[in-house]
Amino acid sequence: MTPLSSPVLYYVYLRSFFDSSGDGVGDLDGVKEKLSYIQRLGVDGILLSPIFDSPLSDFGYDITNLREINPEYGNIESFKTLIAEAKLKNIAVFMDLVANHTSTQHPWFIESSQREANAKKDWYIWAPAKPDGTPPNNWLTIFGESAWRWHPTRGEYYLHNTLSNQPDLNYRNPDVVRQLLANVRFWFELGVTGLRLDSVNLFLHDDKLRNNPSKHLGWQDPDRADPYRYQSQRYNISRPENIHLLKQLRVIADSYEEKKWLLGSLSDPSPYPTIDRYTSEADALDAANVFESLSMCQDFQQVGEQLQQFFATVHPGLGCWSTGNHDIARVVSRWQDAHNQPDAAKLLLTLLAVLRGVVTLYQGEELGLPEADVPPEHRRDLFGQQVIAHYVGRDGCRTPMPWDHNKPYFGFSEKRTWLPPDPNHADFSVLAQESQPLSVLQFTRALLFWRKSQPALLFGSCRLVAFNQTLMVIERQHEGQTLIIALNGSPHAATIKLNLPSPAKTIHLPQMMEIDEEIQSTLNLPPWQAWVGELKKANVSNDS
């Protein structure tokens, strides 16, 4: 992968990408078969959802062996082959590494949970009940339930910051740290270019297990609907000492001649100071994202507020940006007034393409794929329904990729698939869009290759100039190139007062409507359109 400050990754949700074995579940060989498709998109690498050995109660985030591949997906040899063939196409391979916790079925946890003394006794976070039998403290999971689960065999509680079948590892134990470092080196040695560390701010907890203080909430505060927000998460997440573990991982990553990336994903009520600590000194993570960022946004007001907080807090401002993933409804179905329209999909892809940092496209976004309608009898995401009231789960963004609308299961598999394809996805199939010059797929390819021709987008600084609910103006600058990007994220035409210091030469975007060759003061943007102008000077003001 070219050593850019803003690489583009393609996030592969493996179960739903392509089934090469005919069992209805996507696999590593399926990704290998589609490498040419990925290469044509113009991305720099792929990011694989968790592929490790797992009972799959949470579809891969409950690990039983961090050095083995789940048999449904392949094996170590098929993974090595994928890396080798991806490298021939100049595609880097990134992995989603789940290191904060394991499955309760992991051999380590089974040994640790025994009452008798054993070598893994302190590999997890155990604590006795309080005198009245209740949990050791008041910590809650992000789902609003106690973060402690009683284990009758051991006669103690264990900590789980997520689901109760995912106990947290104890990274205050040097043996656990050494095991993590060895696992990271194992995957780097196999040729992996980067690791995305899941729940990266949860690795360490307060060693005294102190109660979190309460947070004052007014009676009308929307956070009152979420018990997790009743507390200030002072002692259970984002501990200051967490950075020391990440620095040890950085030492390993920097020991290779080839650049090795360390990305982080975290959830925190005040995430951006944490991301700044983890990235600003270049001695821990390369970049990080927060789940509540763009993947939750529904209009430019929300996007702008997130970017504003990020740029004000995180230095030098390298983030991980995505508008979708396997945990949230697809962006063209979520975005205000988008109604799954191709023009809206193109505009939202353009937003991603002009941001600075590690940009990730979730599979299907290059097709403008809408949220699928999964009938209740076919839903598989049981945990989502268990922890969130009136929630249908995350299946709608996880259905199989529609490759060929003429084939059963849209060409994803020859047999019944683990989730049913949505019949409404037929018109969005890869085959259908290949023959349409103005399709979202063709646009994505043109957009990403256009992006590579703009130094300011590859290497430059990023500044948020102005925004409101439907409009956004961004400045990107690198050496002699300054780009002004204006975006209209609505179905209505809009006028933006730019007041540029000098006329900006229009750089025509793929498939976007023709706009005057030069713009200085007033820009008229049609619905779902973007404009890019190039200035000779870096300074720009805006009063829109």
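Residues are numbered from 1 along each chain as its sequence is written, and side-chain values use heavy atoms, with hydrogens and water left out. Local features in this predicted model need pLDDT of at least 70 and side-chain atom pairs count only at pLDDT 80 or more, whereas totals for chains, interfaces and linings use all residues.

Side chains of opposite charge can pair when their charged atoms come close. The structure holds 22 salt bridges, a salt bridge being a side-chain nitrogen of Lys or Arg within 4 Å of a carboxyl oxygen of Asp or Glu. One of these joins Arg40 and Glu434, whose side chains meet at 3.6 Å, N to O. This pair links distant parts of the chain, with Arg40 in helix H2 (residues 35–41) and Glu434 in helix H12, 394 residues apart; helices (H or I, at least four residues) and strands (E, at least two) are DSSP runs, numbered from the N terminus. Arg40 is partly exposed, with a relative accessible area of 45%, and Glu434 is partly exposed at 29%, where buried means under 20% relative accessible area, exposed means over 50%, and partly exposed lies in between (1.4 Å probe, protein chains only).

A salt bridge is also formed by the side chains of Asp283 and Lys247, at 3.4 Å, N to O. Here Asp283 lies in the loop between helix H7 (271–279) and strand E11 (287–290), and Lys247 belongs to helix H6, 36 residues apart. Asp283 is partly exposed, with a relative accessible area of 24%, and Lys247 counts as partly exposed at 32%. The side chains of Arg398 and Asp327 meet in a further salt bridge at 3.1 Å, N to O. Because Arg398 is in the loop between H11 and H12 and Asp327 is in the loop between strand E12 (319–321) and helix H9 (331–334), the pair ties together parts that are 71 residues apart in sequence. Arg398 counts as buried at 1% relative accessibility, whereas Asp327 is partly exposed at 21%.

A network of salt bridges links Arg172, Asp206, Arg210, Arg239 and Glu241. Within this group, Asp206 is placed in the loop between strand E9 (194–197) and helix H6 (242–253), and Asp206 is buried, with a relative accessible area of 1%. The side chain of Asp206 also reaches the backbone nitrogen of Leu209 at 3.0 Å.

Glu514 is found in the loop between strand E18 (504–507) and strand E19 (518–519), and Glu514 is exposed, with a relative accessible area of 64%.

Several loops carry backbone features. The peptide bond from His315 to Pro316 is cis, with omega near 5°, and Pro316 is found in the loop between helix H8 (300–313) and E12. Although Asp337 is not a glycine, Asp337 has a positive phi of about 65°; this residue is in the loop between H9 and helix H10 (342–353) and is partly exposed, with a relative accessible area of 32%. Glu479, likewise not a glycine, has a positive phi of about 50° and is placed in the loop between strand E15 (471–478) and strand E16 (481–488), where Glu479 counts as exposed at 67% relative accessibility.

Conventions:
A polar contact is a pair of N or O atoms within 3.5 Å; within protein, one must be able to donate a hydrogen and the other to accept it, and residues adjacent in sequence count only if both atoms are side-chain atoms.
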